[in-house]
Amino acid sequence: MNALTMKNGAVVLGGRTIWKDATFSLESGSITAILGPNGAGKSTLLNIILGLVPLAEGSLEVLGETPRRGNRRVGYMAQTRQADTVATMTGRDYVGLGFDGPRFGWGRDKAKREVVRQALALTGTTSFADQPLHSLSGGQRQRIALAHTTVFKPQLLLLDEPLAALDLAAQAEIVDLINLIRDTTGAAVVVVAHDLNPLAPIIDQVLWIARRQVRSGTVEEVVNEDVLSQLYGHPIEIVVTPRGRRVIVGLEEEFAHPHPHGHDHSHEGVHEHFAEVYEEETE
Amino acid sequence: MSLRELLATSFVQHAFYAVTAVALAAGAVGYFVVLRRQAFAAHAIGHVGFAGAAGAVLLGLSPIFGLLVLCLGAGLLIGFAGAELDDRDAVVGVTLTAALGLGVLFISLYSGYANATYSILFGQILGVTWSDVGLVAALSMGVLLVVSLTYRPLLFVSVDAQSAASRGLSTRAMSLLFMSLLGVTTVVAIQVVGVLLVFSLLVAPAAAAEVLTSRPLRTMFLAMGFALASAWLGLFFGVWIGGPVSFWITALASLAYLAARTTDATRTRRARRVVA
């Protein structure tokens with residue numbers, strides 16, 4: 001079953017076409033990474049799915065209905081949240097806002113306590129849920145934010161750069177948690193990312209947005225030097241580590257197009273070093 | 001007159017009801033001012049109100065009507081134009097300057113300005129009329145009622161605007177709502193402490209409360225408590241010892257903040273020693 005179906009979608013903001021002819025679908029229980037250079041319209045795509053920005057052309061169906069604001073079956077996690085720097089809010093308070101934050105008026109919902117408890121348990125955040133958010137580590141905050149977003153067990157989960165500004169260990173932890181949430185809730189998960197490497201083990205599909213186009217494919221189809229170089233408008237090389245992991249590496253312009261009269265090693269960078277190791281191993 | 005007789009006089013009684021209502025409203029709204037880091041907006045609205053009050057006095061009206069019109073107007077303008085964080089400071093700054101300039105003009109046009117100006121700038125809660133006190137108390141209660149009904153969405157928008165928008169809340173509408181609450185609260189706080197000392201009721205109690213607790217609702221109630229304690233004691237000292245009530249309230253609110261910071265620093269040091 002499809003959690004989302006887009007047909008010939010086009011979006012225009014302030015008279016400018018951001019992208020057009022977008023046709024793709026997301027399956028329930030799948031994880032999709034959205035890649036693309038800055039300003040390509042990744043966040044705009046999320047806003048369209050959330051019903052905050054209308055499509056200029058084409059059609060979009062989200063969980064069997066037209067996109068609408070405030071749909072509880074769609075969960076959204078922003079990249080930056082003011083809450084993270086607030087001293088007077090614990091993780092539990094913030095997760096609670098995911099439950100009844102949008103509700104006006106007096107009175108409390110008795111179900112809240114139990115629903116919040118379950119969200120904290122699912123995300124493994126119970127042990128630090130009662131500490132102020134600003135005292136937590138980056139990875140802990142992301143886990144709390146995932147609990148906030150999954151309070152209603154949404155069937156479509158939109159995560160905007162959930163791995164940004166995390167160290168490698170925390171990135172791996174969040175990737176595992178995203179996978180766990182998908183497995184337990186059966187949600188279709190969309191992850192906007194800059195770096196495909198940490199996500200590669202769990203993603204089923206890649207949407208790439210560049211040059212006013214949205215295209216979809218499997219990881220194998222996208223993790224390909226020609227496609228990635230075109231996507232970023234910058235030379236990209238794929239490196240296979242001794243254990244078989246494929247690492248995407250950006251190249252210096254000069255290395256990608258060497259001078260005919262020999263290569264200057266005076267500004268040898270990490271990227272070049274990586275690429276050279278790769279060559280040795282394959283030869 | 002003895003202290004007991006002084007406290008029983010009608011003007012002290014009226015002032016007591018007024019400061020009680022004002023302190024509760026200012027403490028509650030002040031929590032959101034500190035949470036949303038909009039202290040500058042609160043400051044600016046007070047100064048805009050100065051122009052309104054001066055204009056009303058010039059036209060022979062009660063200053064409070066001028067205050068209401070301009071403070072609400074400025075609040076809505078800042079809320080509307082400055083909903084995006086990037087240009088908020090510029091919008092607030094320009095609004096503030098334009099209004100202060102107008103205030104100066106109005107005062108220069110009004111011949112008997114000295115007394116009126118003084119009470120607008122520094123507050124004169126013991127001098128306001130009974131009908132003004134009634135209006136101030138009613139407005140404060142109105143603010144408290146609206147805050148109690150919109151507490152959760154206000155908190156949500158303040159700590160995670162994007163997620164709140166995705167859940168169907170309008171960031172702009174909530175910003176306008178908050179700035180109107182702030183506008184009305186500034187008007188009533190000005191009656192007690194004046195334009196220049198409006199921070200003592202709007203910011204200091206909430207800032208002190210924020211240092212001492214980590215739960216949202218608890219912080220808000222603590223801010224209301226600090227504001228109320230400063231207002232009651234300030235009124236009492238003003239009547240008992242003398243000196244302007246606004247001075248006493250400001251001094252007490254600042255002391256509360258200082259005490260909170262000191263307590264927090266001591267606690268942190270002790271916690272570190274335990275860890276070590």
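Tutor: Let's start with a crossing: α2(B) and α9(B) cross in a left-handed way, meaning that the near helix is turned anticlockwise from the far one by less than a right angle, where clockwise would be right-handed. Keep in mind that this is a predicted model, in which local features need pLDDT of at least 70 and side-chain atom pairs count only at pLDDT 80 or more, while totals for chains, interfaces and linings use all residues. Residues are numbered from 1 along each chain as its sequence is written, and chains are lettered from A and ligands numbered from 1 in the order in which they are written. Helices (H or I, at least four residues) and strands (E, at least two) are DSSP runs, numbered from the N terminus.

Two packed helices are described by the angle between their axes and the distance between the axes. For α2(B) and helix α9 (residues 171-193) of chain B, the angle is about 140° and the axes are 9 Å apart. That makes the pair oblique, the label for whatever is left once angles under 35 degrees count as roughly parallel, over 145 as roughly antiparallel and 65 to 115 as roughly perpendicular. Axes here are lines fitted to C-alpha atoms, for helices over the stretch in contact, and angles run from 0 to 180 degrees between N-to-C directions.

Who meets whom? On the α2(B) side you'll find B:A18, B:V22, B:A25, B:V29 and B:F32, among others, and they meet α9(B) residues including B:F178, B:L182, B:T185 and B:V192. Residues are in contact if their C-beta atoms, placed from the backbone, lie within 7 Å. By class, this contact has 14 nonpolar, two polar and no charged residues. Ala, Val, Leu, Ile, Met, Phe, Trp, Tyr, Cys and Pro count as nonpolar, Asp, Glu, Lys and Arg as charged, and the others, Gly among them, as polar.

The helix has another partner. Helix α2 (residues 10-35) of chain B packs on helix α12 (residues 216-240) of chain B at about 150°, with axes 8 Å apart. These two are therefore roughly antiparallel, and their crossing is right-handed. Their contact holds 20 nonpolar, four polar and no charged residues.

Now step back. Chain B has 13 helices and zero strands, and its C-alpha trace spans about 60 × 45 × 30 Å along the principal axes. Of its 276 residues, 53% are buried, that is, 20 or more other C-beta atoms lie within 10 Å of their own; 12 or fewer would be exposed, in between partly exposed, with C-beta atoms placed from the backbone. In chain B, 76% of the contacts with a separation of 6 or more join residues 24 or more positions apart.

And α12(B) leads us across to chain A. The buried residues of α2(A) pack against α3 (112-122) and α4 (138-149) of chain A together with α7 (130-159) and α12 of chain B. Eight of the 10 residues of α2(A) are buried, A:Y94 and A:L97 among them. The chain-to-chain contact takes 25 residues from chain A and 26 from chain B. On the chain A side, helix α2 (residues 91-100) gives the largest share, four residues. That side has 14 nonpolar, six polar and five charged residues.

Conventions. Contact = placed C-beta atoms within 7 Å.
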